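Here is a short note to read beside the structure. Please keep the sequence at hand while going through the points.

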Amino acid sequence: MSRYEDKEAAVRRLLETPHPPVPRDLALRAAERGARQRERARRVRRVLWTLGALAVLAFVVWASTAHPWEVPPAETTPPLEAW
């Protein structure tokens, strides 16, 4: 038997055995858990968007006051040559 046939035989044996009992409220519990996870993910997304917006706002305020695109004034005068 090849490895594939071994796996197939094992799966067939598993499918032929009786199925284990499933709790009656399994679907309800799964739905509640999914709703909690979805709500948690929604909250995390909102917090991240808010933090991102605040970071952009802080950068805009800093850039408007600091003017990083302007060349800073020279603190010393250049050497005087050939005068």
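1. What percentage of the 83 residues in the chain is made up of buried residues? Buried residues make up 1%. This is a predicted model, and the values below are computed from it.

2. The overall shape comes next. The radius of gyration of the chain is 34 Å, whereas a compact globule of 83 residues would have a value near 12 Å. Along the principal axes, the C-alpha trace spans about 100 × 40 × 10 Å. The accessible surface of the chain is about 8,600 Å², and carbon and sulfur atoms account for 64% of that surface.

3. The secondary structure is quickly listed: the chain has 2 helices and 0 strands. Helix 1 covers residues 3-16, and helix 2 covers residues 26-66.

4. The length of helix 2 can be checked by hand. The helix has 41 residues, and at 1.5 Å a residue they should span 60 Å. The expected span uses one less than the number of residues, because that is how the rule is defined.

5. Proline 23 sits in the loop between helix 1 and helix 2. Its relative accessibility is 42%, so proline 23 counts as partly exposed, since that class runs between 20% and 50%. From proline 23 to valine 60 there are 37 residues in sequence, and the C-alpha atoms of the two are 56 Å apart in space.

6. Glutamate 8 is partly exposed, at 31% relative accessibility.

7. The side chains of arginine 42 and glutamate 39 meet at 2.9 Å, N to O; the two residues lie 3 apart in helix 2, about one turn of the helix. Arginine 42 has a relative accessible area of 32% and is partly exposed. Glutamate 39, at 28% relative accessibility, is also counted as partly exposed. Glutamate 39 also meets arginine 43 in a salt bridge, here at 4.0 Å from N to O. Being 4 residues apart in helix 2, glutamate 39 and arginine 43 are separated by about one helical turn. Through shared partners, the salt bridges join Glu39, Arg42 and Arg43 into one network.

8. The last point concerns the end of helix 2. Which residue follows helix 2 with a positive phi? It is histidine 67, with phi near 50°. Most residues other than glycine have a negative phi. Histidine 67 is a residue other than glycine with a positive value. Histidine 67 lies in the segment after helix 2 and, at 32% relative accessibility, counts as partly exposed.

Key. Residues are numbered from 1 along each chain as its sequence is written. This is a predicted model: local features need pLDDT of at least 70, side-chain atom pairs count only at pLDDT 80 or more; totals for chains, interfaces and linings use all residues. Side-chain values use heavy atoms; hydrogens and water are left out. The radius of gyration is taken over C-alpha atoms; the globule rule is 2.2 Å times the number of residues to the power 0.38. Buried means under 20% relative accessible area, exposed over 50%, partly exposed in between (1.4 Å probe, protein chains only). Accessible areas come from the Shrake-Rupley method with a 1.4 Å probe; for residues, only the protein chains shown count as cover.
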